[in-house]
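Let's take a walk through a protein model together. Have a look at the sequence and the 3D view, then read on.

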Amino acid sequence: MTGHMLKGWALGLALLPSLALGQTVLTQDPGLGAGSIGGSGTLGWSGEAALAPAATPLGNSILGDRTPEAAALEAATPDAGVTLPDRDTGGPPDDAATVLADSMVLQGDRTLIAAGGVVVWYQGARLVASRIVVDGASGELTIEGPIHLSRPGATDPDAEAVLIAESGQLDRELQDGIIRGARLVLARELQLAATELTRTGNGRMTNLRHVVASSCQICAGDPTPLWEIRARTITHDAETRLITFDHPQFRAFGLPLAAAPFALTAPDPTVERHTGFLRPEFRTTSGLGFGIKLPYFVTLGDHADVTVTPYVSASRTRTLELRYRQAWSNGVTEWNGAVSRDDIEPGETRGYVFGNALVDLPRGYRLGVQVQTASDRGYLLDYDITDADRLWSGFTLDRVTRDKLFFGRVGNYHSLRDDEDNSTSPAQVADVIWQRSFTPRYIGGRAGLEWSVHAHRRPSDQDELGRDMARASVGLDWQRSEILPGGVVGAALGGFDADIYRIAQDSRYDDLVARADPMVGVELRWPLIGGADGATHMVEPVAQILYSPPGRDDDIPNEDSRLIEFDEGNLFSDNRFPGWDAREGGLRANLGVTWTRIDPTGWSLALTGGRVLRADPDEAFPEGSALSGTRSDWLVSAQYDSGTGLAIANRALFDDGLDMSRNELRLGWLRDDLQLSAGHLWLDGDSRNAVELPDISELAANVGWQIRDGWWGRAETRYDFVADRAQRASLDLTYRNECLTVDMGLSRRFTSSDSVRPETSVGLSVRLGGFGVQEDLPGTVARRSCIR
């Protein structure tokens, strides 16, 4: 499929929600002691050499309407239930233990003494000690250390508790008893050291007396950890995986900093979701002053949760944020919102609500619901929610199969821009697209059929300014390729598009307008491949000759094809207009060639060049634009991939006099110690429209780098060279060692308008390791080394 049909597929697929449902367990929330804070969030780098892997691609947003994406709806597959077969009940159960030791002595047929490298296996538990004495009458074990008690047969050994001690007494099941000089290590992260440890409840409850807890490395020469929690007793429940601290005292560098005269409960390192306070967030902004957020997370079973976050700043704001998530067997939803009273808008109640849901329906259909509303754009920026300036709320319905696509949506747009009037902008919008790909019975090849309906309404009743419009379209594309002599690939192309428009509240146009545009063409490709010095070279010249009846659609208002791109993606397209309201016409030729070199060492280089020739100028393209006249600008692009994480791409448009109208450079570099994403865009204002527009020269960069062991830096900026000022900039530093994560962030937004003012934000947070599941972050972890 080519041309208009490909455009329809791209639009339909871009608007489809991107979550497969049928899952019922919500993904982890940070739980107690977790969260995120400080400037910008963690960069989401991919593991491949993609251009601009973390920054928003320049001019390549997946949503053409520039509305914010819905919150990521994530669900996890529930744990599979496994039923083990019963043991043979025909005889007594095997209740024997396996013991290995350097020497074993049986005294009086009642007492077994094992010494030297003793290892005991019993029902999934493993005991390692230097000497054990087994009382045959009671079955109790007296153990001499060093002792190491674990469960190597567990499903996840790393998540199990490991007991290390000097000596102790245990029952015959190696579960309950008294341990002296004990250390309990949880998930290889949190260590609890006590003078005495008692285990009860068949190994479920572990009680430690006079205990110190820390996840920091402790050296014999310097036994003071970076931080520690001391308590009278600490109890670990192996079933609920909760740790209870009785009268805890928090110390840093050996100095007491805080204490509680009561008991506190926290999850152990294996807990993914648990009700409790999340990590507090400290935030200072120029608009709101110093403030603190204290999120409280509430689990509502495995399938739902609520996060309540009070946000208070010094005499500036009183804010309550809410987040609700729920998953069902055939759906998932997430709702975020906040309400505020602040000094920025005195006496006004400000807030926002963003919510969306996806539901699987019978026969492969999927229903989406989205709500986006805000009191003002400044609120979304002041409270660091989103920088979007257009919101969309409505319903979507889609179904995608191997050869068919259905997509429908109906909803409302609301603009937060100061220079846009919602009464004269399309507000209520509805779209339906149905596409099918098939092989014609008699002529062969590949064909695509599309039906689409679109309607939008402006709230204004004024003539021209309040124009409303509805459109029904049908499109058919066909292509058949054959291999000709000499290895040339020839193809015949055909297409037909028809539309009928209903235009209201605009006296410049007829109420009812219809049109039909056939298209025929041929294509020749000559793919060539060769090699030299171990490298592979591929060259492919391409020529297309297309014809559509010429003409300018002056009787149809152009609502959806006002921004036209010319790049290697549509060089060989029969229609470069992104929407339906305008189409290319006349006799034209698309000419180009691509050369690719693949080196045996792993790097590759690709060059593409081409242009469009016309018998007569197409008046649909503005004069002076890259596609106007009988000869388009030259398009030249280059792409380099090192094969080791570095990728560079450049695209340029220039005329026969080598006067450049557009240049775009993008760079991506992914290494363990460097993650760079940058792009520069330059546009000549005179080449974008018939009227004079300002030039564009902008740099967007996002970089993360390993400053030194444990230190990771992140920086982001967007700089406008024409205005000679930055639009935004941020710098974040993260320090991590085995027991501590510190985030520091500084950001500045320079944009200003009647409703938005520049703002500076500073953030700081500290997270203690060993409580709740740790998040994955880029960079290395600084670990304390003990010199022996």
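## Strands side by side

Tyr296 has Val308 as its bridge partner in S21. In case the labels are new, strands are DSSP runs of E with at least two residues, helices are runs of H or I with at least four, and both are numbered from the N terminus. Two strands pair if DSSP finds at least two bridges between them.

Before going further, a word on where this comes from: the model is predicted, so local features need pLDDT of at least 70 and side-chain atom pairs count only at pLDDT 80 or more, while totals for chains, interfaces and linings use all residues. Residues are numbered from 1 along each chain as its sequence is written, and side-chain values use heavy atoms, with hydrogens and water left out.

Back to S20. The hairpin of S20 and S21 has 4 residues between the strands, and there Gly301 takes a positive phi near 85°. S20 (residues 296-299) also pairs with strand S17 (residues 276-277), again antiparallel, over 2 bridges. Here Gly276 meets Phe297 of S20 as its bridge partner.

His210 is not a glycine, yet its phi is positive, about 50°. His210 counts as exposed because its relative accessibility is 53%. The cut-offs are simple: buried means under 20% relative accessible area, exposed means over 50%, and partly exposed is in between (1.4 Å probe, protein chains only).

Leu658 is another non-glycine residue with a positive phi, near 65°. You'll find Leu658 in the loop between strand S38 (646-654) and strand S39 (660-670). With 65% relative accessibility, Leu658 counts as exposed.

## A disulfide

How many disulfides does the count give? The count is 1 disulfide, where a disulfide is a pair of cysteine sulfur atoms within 2.5 Å. Cys216 and Cys739 make it, with their sulfur atoms 2.1 Å apart. Cys216 sits in the loop between S11 and strand S12 (227-237), and Cys739 in the loop between strand S43 (725-736) and strand S44 (740-749), so the bond ties together parts that are 523 residues apart in sequence. The torsion about the S-S bond is about 85°, so this disulfide is right-handed. Both Cys216 and Cys739 are buried.

## Charged partners

Side chains of opposite charge can pair when their charged atoms come close. In this model there are 43 salt bridges, a salt bridge being a side-chain nitrogen of Lys or Arg within 4 Å of a carboxyl oxygen of Asp or Glu. Here are some of them:

| Asp499 | Arg515 | 2.9 Å |

Asp499 forms its salt bridge with Arg515. Asp499 is in strand S31 (residues 489-504) and Arg515 in strand S32, so the pair ties together parts that are 16 residues apart in sequence. Asp499 and Arg515 are both buried.

Is Glu565 buried or partly exposed? Glu565 is partly exposed, since its relative accessible area is 28%, whereas Arg662, at 14%, is buried.

Arg662 has another partner to look at: its side chain and that of Glu664 are joined by a polar contact of 3.4 Å. A polar contact is a pair of N or O atoms within 3.5 Å; within protein, one must be able to donate a hydrogen and the other to accept it, and residues adjacent in sequence count only if both atoms are side-chain atoms. Glu664 is in strand S39, and at 5% relative accessibility Glu664 counts as buried.

Arg576 and Glu584, from the table, are both buried. Elsewhere, salt bridges that share partners join Arg458, Glu464, Arg467, Asp506, Arg508 and Glu559 into one network.
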